[in-house]
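Subject: The model, and what turned up in it

Hi,

Here is the structure I promised to pass on.

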Amino acid sequence: MPSRRRFIQNSSLIAGAFLVHKKQIFASDGIQTMCQRPKISDRKLVSEAVEKTILQMRSVMADPELACLFENCFPNTLDTTVDFEIIEGKPDTFVITGDIDAMWLRDSTAQVWPYLPLIKQDAKLKELIAGVINRQKKCIILDPYANAFYKDKTKISEWDKDITKMQPGIHERKWEIDSLCYPIRLAYHYWKLTGDVATFDARWEETIRLTVQTFKEQQRKENAGPYTFQRITSWATDGVPISGYGYPIKPVGLICSVFRPSDDATLFPFLIPSNFFAVVSLEQAAEMLNSIRKNSTLATQCAELATEVRTALQKYAVVNHSIYGKVYAFEVNGYGSFHLMDDANVPSLLSLPYLKAVSPGDPLYTNTRKLILSEENPFFYKGKAAEGIGGPHGGLHTIWPLSIIMRGLTSSTKEEVKQALHMLKTTHAGTGFMHEAFHKDDSSKFSRKWFAWANTLFGEFILDVQHRFPELLKISNI
């Protein structure tokens, strides 16, 4: 079986072949940028609403390089990663991450999320997203503890030697709270925007039942629960200590997440950003269950669990910092130990307002934001190329564009948003796309040339700037 590294290298070559089909060179002040989408016949799906949005944005963006980045990045998920078909009379959309031929529950939601506002204008796009919801149902029912899946349910993963309950069709089985939150986020907002309830059938209800069951198991009130994970590896953040359960926690009502949204193991299993996300998701699920499924029993379980986790967050997530005062910790264990940092992947502490988990003006969030965007965060880096948050997954001194984008999306100041735009424009290393991470002093040293989540999120950021600070897009050299 080919190694993960070789697979990514091969996929990058394929992606490169796609990208050279269309070349349009734009010059501005001696700077040339390449707009390089696949030719129309090679695109996985063409959305009229998305194409119209690209044309509209190109007409208002004065910086040609920034405009080219938007044209490349915003449609990247549709251009290169979606596999849509009708299965048993229902739409089904499998969404790969880019250079890894597997579907993450988190990434698949985040990759199509920026298209939601357009689905009323485009029936094909609406059907595509309904297909993502249907595919996510299949994944969760197969295994609510897994984070990534194959379309072929008989496919054996390269990680099949992991010491956990692997089975065909699962790419990776890392338990991350957010894997069960993102599908609810997508379903809830799809429902709110369209009123369409066709996809919210008994199988969808079963995914919510499994979500509640899994969250309660991982509160670990009576025992450590059924999930363990170990991997034979020299990469420490891929391994889980103490027989695969992680370090001990005191059952206080919070939910354990053995891994972070970066797919790195947690230090203390009560991952605070993910617990905040769980509260939001459970409340959304309760509303849908009451309104659509008329299942007040399961809805009440969701609401009560959300209240329990929120109460525990208020008691255990807040710690005192010597410089910034009361802040949210990144991880805690319920015994009084805590971890102060933030990671670029979402949910993060930085992203809490974006996820509607806290108000942007929340004093605790304000203090926390100052902390995590400072050198008091061990994974915040300032370099010659940019400044931003990274994480263990990318290694030391690497910044994730995701964190720069999220900083812009959660900022209330024009200057900070302008700074984020400038850093993103100047760190794509001439590729015309966002990457997973790059070195703080040299953006040409980057990982993952084809990372659709970062690309589509960049498109979302540009649309957000147009809504909140349109004057910034009128600057010819941001």
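First, the ground rules. This is a predicted model, in which local features need pLDDT of at least 70 and side-chain atom pairs count only at pLDDT 80 or more, while totals for chains, interfaces and linings use all residues. Residues are numbered from 1 along each chain as its sequence is written, and side-chain values use heavy atoms, with hydrogens and water left out.

Helix packing

Two packed helices are described by the angle between their axes and the distance between the axes. Axes here are lines fitted to C-alpha atoms, for helices over the stretch in contact, with angles running from 0 to 180 degrees between N-to-C directions. Helices (H or I, at least four residues) and strands (E, at least two) are DSSP runs, numbered from the N terminus.

Let me start with helix 5 (residues 105-112), which packs with helix 7 (residues 178-194) at an angle of about 30°, their axes 8 Å apart. The two are therefore roughly parallel to each other; angles under 35 degrees count as roughly parallel, over 145 as roughly antiparallel, 65 to 115 as roughly perpendicular and the rest as oblique. Their crossing is left-handed, meaning that the near helix is turned anticlockwise from the far one by less than a right angle, whereas clockwise would be right-handed. On the helix 5 side, Leu105, Arg106, Thr109, Ala110 and Val112 meet Asp178, Ser179, Tyr182, Pro183 and Leu186 of helix 7, where contact means heavy atoms within 4.5 Å. By class, this contact has six nonpolar, two polar and two charged residues. For these classes, Ala, Val, Leu, Ile, Met, Phe, Trp, Tyr, Cys and Pro count as nonpolar, Asp, Glu, Lys and Arg as charged, and the others, Gly among them, as polar.

Helix 5 also packs with helix 15 (residues 452-468), their axes coming within 8 Å and crossing at roughly 30°. This crossing is left-handed. Here Arg106, Asp107, Ala110 and Gln111 of helix 5 meet Ala452, Trp453 and Thr456 of helix 15. That contact has three nonpolar, two polar and two charged residues.

Helix 6 (residues 123-142) and helix 8 (residues 202-217) pack at about 45°, with axes 9 Å apart, and are therefore oblique to each other.

The nonpolar cores

A nonpolar core is a set of buried Ala, Val, Leu, Ile, Met, Phe, Trp, Tyr and Cys residues joined through side-chain atoms within 4.5 Å. Buried means under 20% relative accessible area, exposed over 50%, and partly exposed in between (1.4 Å probe, protein chains only). The largest core has 140 residues, and Phe215 and Phe458 have the most contacts inside it. Helix 10 (residues 272-293) gives the most to this core, with twelve residues. Apart from it lies another core, of five residues, among them Ile100, Ala102, Ala148 and Tyr150.

Two serines

Ser348 lies in the loop between strand 12 (338-339) and helix 12 (363-372). Ser348 is buried, at a relative accessible area of 1%, and touches Pro273, Asp342 and Asp343, leaving aside neighbours within four places in sequence.

Ser351 sits in the loop between strand 12 and helix 12 and is buried, at 0% relative accessible area. With neighbours within four places in sequence again left aside, Ser351 is in contact with Val346, Met406 and Thr410.

Best wishes
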